[in-house]
Structures are given as structure tokens and as C-alpha cells.
Amino acid sequence: MDIPTVAIGALGGTIASTSSTASTAGGEVVPTVTAEGLAAAVPGLAAVADVRAETLAMLPSPALDEPTVLRALAWADAAVADGAAGVVITQGTDTLEESACLLDLFWDRPEPLVVTGAMRSPDAPGADGPANLLTAVRCAAEPRSRDRGVLVAFDDEIHEARWVAKTDSVSTGAFRSPVFGPIGRCVEGEVLYGVAPQRVPPLVLPDGVVVGVGDPRVPLVTTYLGDDGHALRALQQAGVDGVVVAGFGAGHVSPAMAEAIGDLAAAVPVVFASRTGSGPTGRAMYGYPGSEVDLIARGAIGAGWQAPVKARLLLWALTATGATRAQVADVFAVRGRP
Ligand code: ASP
């Protein structure tokens, strides 16, 4: 019987971390296991897919950056062009929601691209990496996973990249989609979806534009009680290409911060998001200084339902392609909605 080919690209993370190197003194772990090693540790994998494994990096996920993720994207694209039915990327969980989101912004193929990792290292009792990798490969090999963009497979659940978030620092069930929930499950080896494919079209790059060239500076600033705007003003002085502000509630800030946002928005795109972890930014709820209505009047753009870290990646990608403020607002008006 023919089985589908699935390419596995490994970037590092806990799923690949052991303490068997000279660089660790005690029980602490660092990435050491290759993509081939990860695949070899999964019982029954060969019956699910013809796996082609390749080590793309050996990094903890806080050391990943946009260019590394975009190189993984190009590798995944080449793997599908070479005949893979789907692709799996393994990486650390700390930045997994961001990598998945960045990949999803540009993944323009119907084939599934699935990201996974582990909360427990391979040598720990109850290591979850092999189970997560098996689920991810099943998901990548499954025809019903097509046309869904980038997915995250974790703890037998399947999430859309644009909604998933790491919501616990240690639990094996660390990934949730707080707004709309997971879209699928893997049960008894079967990949099941509760919703039909429904995908926001990926970003289209203007001719000749290469993302990552120019490396825009787009920081994320979280506001706080009594914020006087000095951190944002310092960033403006240092030079930025755009900023995302994680505001209170539906995207609110103090009066002083509102003024700093207005001054910055006159120079570069400023996007405000909600720091709550769930729910959208408002559009017409409140009229006080620092409310969403006030911020919009000062030229800032609401992130809608996009979480601050994902709004930052979208603004980074748009800035990297030289989008104008009006284009940024148009894209957020579409991608900020479910
Ligand atoms: N704690 C992380 C993980 O689960 C480490 C990392 O993100 O690389 O993989």
C-alpha cells in the first residue's frame, strides 16, 4: 500500500533536548537530538508515512528569529515541491505560537504545514514528544488537513496557527486557542475536524520584495497601570519602523500613553491590541482619552482579534514589504477578524 510522504524539519526545542552533552552540568537539557533521531523515537511512525527528516537548526526556541523561521518556510515549500503530501516542523514551545503564525502568513500551498514540540524532554518520564510528533505526522498526511494553512498539533489537539497560544509554562496541555478553541482532534489514530477548511489568504509579496531583507524594527510594548508613555517615547527616539501596543481590555491606555501613541503614529504604523489574551480590540465602545476611539482618532490601528505577539508579526511582515499605513490598516481589517 502506498503511504504519503511527510517531511519533518527539526529546529530544536525541548522535544530535542537532552542532558547528554558536556555543556550541561546537572539535569538541565539543551537541544541535541536530530530530526532523524526524533523520527526514530516514534513507535509506528513508518506505518503512517514515508518520513524524510532533516535537521534545520539545533536551537532553543527563544533563540529563533524571523529569518530562521522563513528559511524553514522555504525548506517546507521545497519539500512539497519535491512530492511531500505535508510537512511537520518541530521546535521549542516557547515561541511556537509565533513561528506558526509567521509561517501561516506566507504559506501559500494547500498541503498541510504542521508545527509541534514537547513540554517534556525525550529522557523525562512520560515524554510527550513522540506522541505529539506522531499526531503532527498523521495530521500532515491527512487529506482533510489540506487548505487549512499552518496548523499546530499538540496533546492530541489541532489548532489554527492564527489563534493558538501557549497558555501554561509547564503543562503538557500548554496550548489553547482561547478565542475559538481547537479545530480538530486526533483520536485512535484518526484525524478529525469539527469545522470545514476556512482560510484567510496568505500575504502576497509585491514583485521583487524579499521578506526579512531590511530587518524592520517592530517592538511590542505592553502597557501597565500608571504608564506615562516614557518607554514608547524612548523607542521612538531610538528609531522604529512600527510598534504594537498591548493595551488594557479592548485596547486601552492611559492619557499620557495615548499622547505618545499619537506622536508615534504620525511617523510609523502603530497597532494596538488587547493584553487580556482573548477577545478583540474595540472600535466604538469608549470615548475617553486613551480609549480605542481616541487611539483610532490619533492614527493607531486596532489589531482586532489578533493577539499582541501575532499582531506584531503581521506588522513586521507588512513593514518588511514596505506597506503603507493605509495598507497596514486594510490588512488588519481583514486578518484581525475571524
Ligand atoms: N520550554 C521550551 C520547550 O518547550 C524550550 C524552548 O522553547 O526551546 O521547547
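Reply: Helices (H or I, at least four residues) and strands (E, at least two) are DSSP runs, numbered from the N terminus. The model is predicted: local features need pLDDT of at least 70, side-chain atom pairs count only at pLDDT 80 or more, and totals for chains, interfaces and linings use all residues. Residues are numbered from 1 along each chain as its sequence is written, and side-chain values use heavy atoms, with hydrogens and water left out.

Me: In which helix is alanine 333 found?
Reply: Alanine 333 has a C-alpha atom separated by 9.0 Å from that of isoleucine 301, and the two are 32 residues apart along the chain. Its relative accessibility is 46%, so it counts as partly exposed; buried means under 20% relative accessible area, exposed over 50%, and partly exposed in between (1.4 Å probe, protein chains only). The helix that holds alanine 333 is H10.

Me: Why do the buried residues of H10 line one face of the helix?
Reply: Helix H10 covers residues 325-335, and its buried residues are Val328, Val331, Phe332 and Arg335. Seen down the axis of H10, they line one face because they fall within an arc of 100 degrees, the arc being that of the directions from the helix axis to the C-beta atoms. An α-helix has 3.6 residues a turn, so residues three or four places apart point the same way. The arc asked about is thus 100 degrees.

Me: Which residues are exposed on the other side of H10?
Reply: The buried residues of H10 pack against helix H4 (96-106), strand E15 (270-274), strand E16 (301-302) and helix H9 (308-320), where contact means heavy atoms within 4.5 Å. On the other side of H10, the exposed residues are Asp330 and Val334.

Me: What covers the buried residues of H7?
Reply: Helix H7 runs over residues 255-265, and its buried residues are Met257, Ala258, Ala260, Ile261, Gly262, Leu264 and Ala265. Their cover includes strand E13 (220-222), helix H6 (230-238), strand E14 (243-247), E15 and helix H8 (292-297).

Me: Is leucine 151 buried or exposed?
Reply: Leucine 151 is found in strand E7. Leaving aside neighbours within four places in sequence, leucine 151 is in contact with residues including Leu113, Val115, Cys139, Ile158 and Tyr193. Its C-alpha lies 9.9 Å from that of glycine 184, which is 33 residues away in sequence. At 0% relative accessibility, leucine 151 counts as buried.

Me: Where is alanine 85?
Reply: Alanine 85 counts as partly exposed because its relative accessibility is 27%. Not counting residues up to four places away in sequence, alanine 85 touches Pro4, Thr5, Glu111, Pro112 and Ala140. Valine 6 is 79 residues from alanine 85 in sequence, yet 5.9 Å away in space, C-alpha to C-alpha. The place of alanine 85 is the loop between helix H3 (66-81) and strand E5 (86-90).

Me: What is the phi of aspartate 155?
Reply: Aspartate 155 lies in the loop between strand E7 (150-154) and strand E8 (157-160). Its relative accessibility is 39%, so it counts as partly exposed. Phi is positive here in a residue other than glycine, with a value near 55 degrees.

Me: What is the phi of glutamate 188?
Reply: Glutamate 188 is found in the loop between strand E11 (184-187) and strand E12 (190-193). At 83% relative accessibility, glutamate 188 counts as exposed. Although it is not a glycine, its phi is positive, at about 50 degrees.

Me: What is the radius of gyration of the protein?
Reply: The secondary structure comes to 10 helices and 16 strands. The protein is as compact as a globular protein of 338 residues, because its radius of gyration is close to the 20 Å given by the globule rule, which is 2.2 Å times the number of residues to the power 0.38. Taken over C-alpha atoms, the radius of gyration is 21 Å.

Me: What percentage of the 338 residues in the protein do buried residues make up?
Reply: Along its principal axes, the C-alpha trace spans about 65 × 45 × 35 Å. Among contacts between residues at least 6 apart in sequence, 73% join residues at least 24 apart. Of the 338 residues, the buried ones make up 52%.
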